[in-house]
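Here is a short report on one protein model. Look over the sequence and the fold first, then read on.

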Amino acid sequence: MTKKSFNASVLPKMRAFCARLINQKDAVLVGFSGGADSVCLLHFLNYLSREKHFRLAAVHINHGLRGRAATADAAFCKQFCAAHHIEFFVEKADVKKIAREYNLSPEHAARKARYQKLSQVARKWGATKLALGHHLDDHVETILLNLLRGTKAKGLTGIPVRRPLTSSVEIVRPLLCITREETETYVKQNGLSYVTDQTNFDDKFTRNWVRGTLLPLLETKQPQIKQHLAQMAQEIARLI
């Protein structure tokens with residue numbers, strides 16, 4: 001996709017979608033991993049915040065699981081925010097401790113720890129919205145993952161566009177309207193750097209297998225499978 005066609009088709013879609021989720025009175029805290037999706041989200045919201053006049057900050061959660069690689073990711077996020085004049089917070093979570101205390105897998109313990117830290121920072125900073133960088137591919141992968149695990153109808157609605165985090169903070173996902181490929185195109189066309197978490201390619205995690213094996217296989221039979229599943233999720237959400 002050329003820069004001209006991207007700006008004409010994808011950017012208006014992102015702007016319209018964000019307009020449903022964020023307004024001028026908001027204080028938006030962005031969960032910032034440093035990956036391509038969160039770089040896309042933070043850069044776009046930073047641009048939009050100047051136009052719409054909402055407050056913006058970013059927070060990075062170091063899960064303490066990847067040693068020097070995790071430290072390097074946190075340093076990248078700090079430097080990115082400094083370069084773009086974005087207020088930045090970093091928190092470290094003890095995922096191994098949480099896994100032991102609650103008898104959770106590392107994956108589920110990391111998620112629990114992440115949301116605990118995000119909630120704490122959001123309250124301290126005075127956020128009204130916590131923006132996360134999930135995109136359409138994440139949404140579809142979640143639907144398939146829930147289906148594989150065995151789920152009730154609610155699991156087939158995938159990732160919600162918005163939901164409460166606390167009584168005063170709402171989670172919003174401004175990138176659910178675009179695909180992983182489109183987030184990567186945004187990053188490339190804006191000349192932005194990002195970090196890559198190598199655990200995202202480890203097929204011992206079922207989500208990674210869904211992303212790297214199952215979904216591409218389904219697309220060979222039905223190239224529009226992502227759009228079809230997303231539409232199905234919307235229809236189910238309206239019914240339940």
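## His 60

Is His 60 buried or exposed? The model is predicted. His 60 has a relative accessibility of 5%, and buried means under 20%, so His 60 counts as buried.

His 60 sits in strand β2. Leaving aside residues up to four places away in sequence, its contacts include Phe 32 and Ser 33. Ala 70, Asp 73, Ala 74 and Cys 77 also touch His 60. So do Phe 88, Phe 89, Val 90 and Glu 91.

## Strand β2 and its partners

Strand β2 covers residues 55-62. Of its 8 residues, 7 are buried, so β2 is largely enclosed by the rest of the structure.

Strand β2 is joined to β3 by 6 bridges, and the two run parallel. Strand β1, residues 27-31, is linked to β2 by 5 bridges. This pair runs parallel as well. Here Leu 29 has Ala 57 of β2 as its bridge partner.

## The sheet

How many strands does the open sheet have, and in what order? There are 6, ordered β3-β2-β1-β4-β6-β5. The pairing is mixed. Strands β3 (87-92) and β5 (162-164) form the edges, each pairing on one side only. From one strand to the next, the twist averages 25°.

In a regular strand, side chains alternate between the two faces of the sheet.

## Helix α3 over the sheet

Helix α3 spans residues 68-83. The helix lies across β2 and β3. Relative to β2, α3 runs at about 170°.

## The second largest pocket

Empty space can be found by rolling a probe the size of a water molecule over the atoms. The second largest pocket holds about 650 Å³ of space. Which elements give two or more residues to its lining? They are α6 (136-149) and α9 (225-239).

By class, the lining has 11 nonpolar, 10 polar and 3 charged residues.

## Summary

Strand β2 pairs in parallel with β3 and with β1. Helix α3 lies across β2 and β3. His 60, in β2, counts as buried. The second largest pocket has α6 and α9 among the elements that line it.

Conventions:
Residues are numbered from 1 along each chain as its sequence is written. This is a predicted model: local features need pLDDT of at least 70, side-chain atom pairs count only at pLDDT 80 or more; totals for chains, interfaces and linings use all residues. Side-chain values use heavy atoms; hydrogens and water are left out. Two strands pair if DSSP finds at least two bridges between them. Helices (H or I, at least four residues) and strands (E, at least two) are DSSP runs, numbered from the N terminus. Axes are lines fitted to C-alpha atoms, for helices over the stretch in contact, and angles run from 0 to 180 degrees between N-to-C directions. Contact means heavy atoms within 4.5 Å. On a 1 Å grid over the protein atoms alone, a cavity is a set of points where a 1.4 Å probe fits but cannot get out, and a pocket is an open set with protein on both sides within 12 Å along at least five of seven lines; lining residues have an atom within 4 Å of a point. Grid points are joined across faces, edges and corners, and a volume is the space filled by probe spheres set on the points. Ala, Val, Leu, Ile, Met, Phe, Trp, Tyr, Cys and Pro count as nonpolar, Asp, Glu, Lys and Arg as charged, and the others, Gly among them, as polar. Buried means under 20% relative accessible area, exposed over 50%, partly exposed in between (1.4 Å probe, protein chains only).
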